[in-house]
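Please open the model in the viewer and keep the selection panel at hand.

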Amino acid sequence: MSIPTLTCSVSQMPVVGYGTSKTDGVAVELALQEGYRHFDCAHVYRNEEDLGRAFRKVFSCGNVKREDVFITSKLWNTCHRKEDVTCDKTLSDLQLDYLDLYLIHWPMALQPGTGALNPVDENKVPLLDKLSPSPLETWSAMEELVESGRCKNIGLSSYNIQQIEEILKNAHIKPACVQAESHPLFPNLELLEFCKKNEIAFVSFSPLGAPGRWWRKEEELSLLEDEDVLKIAQKHKVSAGQVLIRYQVEKGL
């Protein structure tokens, strides 16, 4: 399987990646064997140890080299204070020496030290960080991870244009990548054009429209069952999922 790449600052990133939020090491091992060379991971997915065993097994066999695989992970919301910004746990779990890309997962700082990934109060309201670390404080600490060699590239996930502009105005190392939701129901074209203008790689998450999302209403359209998508798939003898991914590639994602 040959996959084209796009420039992500100092790296070349395959345009098609394998999302790991609902997968395990066995699936990742098979994906590597089938030719995937871009994997999107995150601490909050709670499976990085399992994925790490798969990476180590495949890389140790020698058929796939670590330097030929682009691996992303993400800083979670409870780690936005400068002293908490690290990728050491992720590197240890994934059994890697470095990350190709490390993203701030969300532009929201949650209270650290509670033992919960998503801390809430007695009314189930998210507990925001009492110290309210600024995005610039977090980004400055991310830059140090690049300087230390732990990460080749750093970027942002689910940030809007105004939030990205604040980082760009003050960054020593500008974001290499912005990851955001994008699919035919929500193409996010304004953000895509902003990223192109500023030479920032744009990565789409949920390109299939997140059909398994828990908040989806029963009457909402599933892109995988959309009449037009299915017609195109039938015409080209491919799956609906392949049509939706091709749509993203054609947009320049």
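How many bridges join β5 to β6? There are four, and the two strands run parallel. This is a predicted model, in which local features need pLDDT of at least 70, side-chain atom pairs count only at pLDDT 80 or more, and totals for chains, interfaces and linings use all residues. Residues are numbered from 1 along each chain as its sequence is written, and side-chain values use heavy atoms, with hydrogens and water left out.

**Stop 1: the sheet**

Select the strands β3 to β9. They form an open sheet of seven strands in the order β3-β4-β5-β6-β7-β8-β9, with parallel pairing. Strands and helices here are DSSP runs numbered from the N terminus (helices: H or I, at least four residues; strands: E, at least two), and two strands pair if DSSP finds at least two bridges between them. At the edges stand β3 (18-19) and β9 (201-205); each has a single partner strand, so one side of each is left without a neighbour in the sheet. Strands of a sheet pair through backbone hydrogen bonds, either parallel or antiparallel.

**Stop 2**

Select Leu75, which stands opposite Ile104 in β6. From Leu156, continue to its bridge partner in β8, Val178. Strand β7 (residues 154-157) and β8 are likewise parallel and joined by three bridges.

Four of its five residues are buried, so the strand is largely enclosed by the rest of the structure. Buried means under 20% relative accessible area, exposed over 50%, and partly exposed in between (1.4 Å probe, protein chains only).

Return to β6 and show its side chains. Leu101 and Leu103 point one way, Tyr102 and Ile104 the other way, and all are buried. In a regular strand the side chains alternate between the two faces of the sheet.

**Stop 3**

Select Val69, in the loop between α2 (48-61) and β5 (70-75). Is Val69 buried or exposed? Val69 is buried, with a relative accessible area of 2%. Leaving aside neighbours within four places in sequence, Val69 is in contact (heavy atoms within 4.5 Å) with Leu32, Arg37, Phe39, Phe59, Val64 and Asp100. For a distance label, pick Val69 and Leu168: they are 99 residues apart in sequence and 28 Å apart in space, C-alpha to C-alpha.

**Stop 4: helix α4 over the sheet**

Select α4, which lies across β5, β6 and β7 and runs at about 140° to β7. Axes are lines fitted to C-alpha atoms, for helices over the stretch in contact, and angles run from 0 to 180 degrees between N-to-C directions. Within α4, pick Thr138. Thr138 is buried, with a relative accessible area of 2%. Not counting residues up to four places away in sequence, Thr138 touches Leu75, His80, Val85 and Ile104.

**Stop 5: α4 with α5**

Angles under 35 degrees count as roughly parallel, over 145 as roughly antiparallel, 65 to 115 as roughly perpendicular and the rest as oblique. Show Pro135, Leu136 and Trp139 of α4 with Glu166, Ile167 and Asn170 of α5, which make the contact.

**Stop 6: α5 with α6**

Ile161, Ile164, Glu165 and Leu168 of α5 meet Glu190, Leu191 and Phe194 of α6.

**Stop 7: α7 with α8**

Finally, select α7 (residues 227-236) and α8 (residues 240-251). How are they oriented to each other, roughly parallel or roughly perpendicular? They pack at an angle of about 100°, with their axes 8 Å apart, and are therefore roughly perpendicular. The contact is made by Val229, Leu230, Ile232 and Ala233 of α7 and Ala240, Val243 and Leu244 of α8.
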